[in-house]
Structures are given as C-alpha cells and as structure tokens.
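This report goes through the secondary structure elements, their packing and a few individual residues. The sequence and the structure come next.

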Amino acid sequence: MNKPNETSRDLLSIKPKRNLEWETKEDNTVVLLIPKFKHPLLVKWFVPMLAKPNIKLKLDELGSFVWNKCDGQTSVESIGKEMSAKFGQPLEPMYERVGTFVAKLERNKYLLLES
C-alpha cells in the first residue's frame, strides 16, 4: 500500500458528505438518484409531468462502499484504510483511487467536502 505523501494530506483529511438522494439495493450496491432538472421553474413545471424525474447512476461494490462511508464524519484516509482492510491489496493505489472518485462526485456536487 502506498503511504500518503505531504501533498495528498489535505485530501486525506477531508470528510466527504453525501449531497444527493440515493437508494440501496438488496445486494448493498447504491443507486444515485440524479435530478433531471435543477432550475426551480423547470422543477416546478416539468418534473410533475415526468414518470421518472431522476437519472439513476448505479455504483459498483467499491463505489457503493465509498458512498456509504461519506457521512461527513469519516475522512478520505479512513475510508481508504477501511477499503484496504475489506477488499485487500489488489486495489492499489488505494488513496489515489478514492481521491479521484471523491473528486468526481464533488465536481458534480453529489458530495460536499468538509475539513
């Protein structure tokens, strides 16, 4: 397992928090419910007419594990350690993978990052 270096310490101390509705399936995988419209007028007028107001994004086992740990209390470093303990060595480089995943979710505003 790669040790975190000085430049990645800021990312590792961040505590991501979920900012989106989701469903948990029977196999414990997560489905993110992404609204099709965000503008208040579109939400008011179009969403009631839609049969499916959300886009469903299914996460795999690893993504679901990270999503479930994004409670605003658990740091990225802790999530990486727990992932390593649960899934083992084949997931290296662990911190880079978790960081990239968290950054993508944050960029789309599906997660909020707290220090």
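This is a predicted model: local features need pLDDT of at least 70, side-chain atom pairs count only at pLDDT 80 or more; totals for chains, interfaces and linings use all residues.

How are helix 4 and helix 5 oriented to each other: oblique, or roughly parallel? The axes of helix 4 and helix 5 cross at roughly 125° and come within 9 Å. Angles of 65 to 115 degrees count as roughly perpendicular and those over 145 as roughly antiparallel, and helix 4 and helix 5 are therefore oblique to each other. The crossing of helix 4 over helix 5 is right-handed. On the helix 4 side the contact is made by V76, E77, I79, G80, K81, M83 and S84, and on the helix 5 side by M94, Y95 and V98.

**Nonpolar core**

The largest nonpolar core has 23 residues, and L32, W67, M83, V98 and Y110 touch the most other members. Strand 3, helix 3, helix 4 (76–87) and helix 5 (94–107) each supply at least two residues of this core. Helix 5 gives the largest share, five residues. Two of the residues named for the core, M83 and V98, also belong to the contact between helix 4 and helix 5.

Neighbours within four places in sequence aside, W67 is in contact with R18, N19, L20, W22, V30, L32, L59, L105, Y110 and L111. Among these contacts are L32 and Y110, which are also among the core residues that touch the most other members.

Three strands form an open sheet in the order 2-3-4, with antiparallel pairing. Strand 2 (21–24) and strand 4 (54–58) are at the edges; each has a single partner strand, so one side of each is left without a neighbour in the sheet. On average, neighbouring strands of this sheet are turned by 30° against each other, direction ignored. Strand 3 (residues 30–35) pairs with strand 4 in the antiparallel sense over five bridges. L33 has K56 in strand 4 as its bridge partner.

Helix 3 (residues 61–69) lies across strand 2 and strand 3, and runs at about 70° to strand 3. S64 is placed in helix 3. With 2% relative accessibility, S64 counts as buried, because the cut-off for buried is under 20%. Residues up to four places away in sequence not counted, S64 touches N28, T29, V30 and L59.

Most residues other than glycine have a negative phi.

**V43**

V43 sits in helix 2 (residues 40–45). Its relative accessible area is 33%, and V43 is partly exposed, because that class lies between the 20% and 50% cut-offs. Not counting residues up to four places away in sequence, V43 touches F37, K38 and P48. V43 and I55 are 12 residues apart in sequence, and their C-alpha atoms are 14 Å apart in space.

Definitions and conventions:
Residues are numbered from 1 along each chain as its sequence is written. Side-chain values use heavy atoms; hydrogens and water are left out. Helices (H or I, at least four residues) and strands (E, at least two) are DSSP runs, numbered from the N terminus. Buried means under 20% relative accessible area, exposed over 50%, partly exposed in between (1.4 Å probe, protein chains only). Contact means heavy atoms within 4.5 Å. Two strands pair if DSSP finds at least two bridges between them. Axes are lines fitted to C-alpha atoms, for helices over the stretch in contact, and angles run from 0 to 180 degrees between N-to-C directions. A nonpolar core is a set of buried Ala, Val, Leu, Ile, Met, Phe, Trp, Tyr and Cys residues joined through side-chain atoms within 4.5 Å. Angles under 35 degrees count as roughly parallel, over 145 as roughly antiparallel, 65 to 115 as roughly perpendicular and the rest as oblique. A crossing is left-handed if the near helix is turned anticlockwise from the far one by less than a right angle, and right-handed if clockwise.
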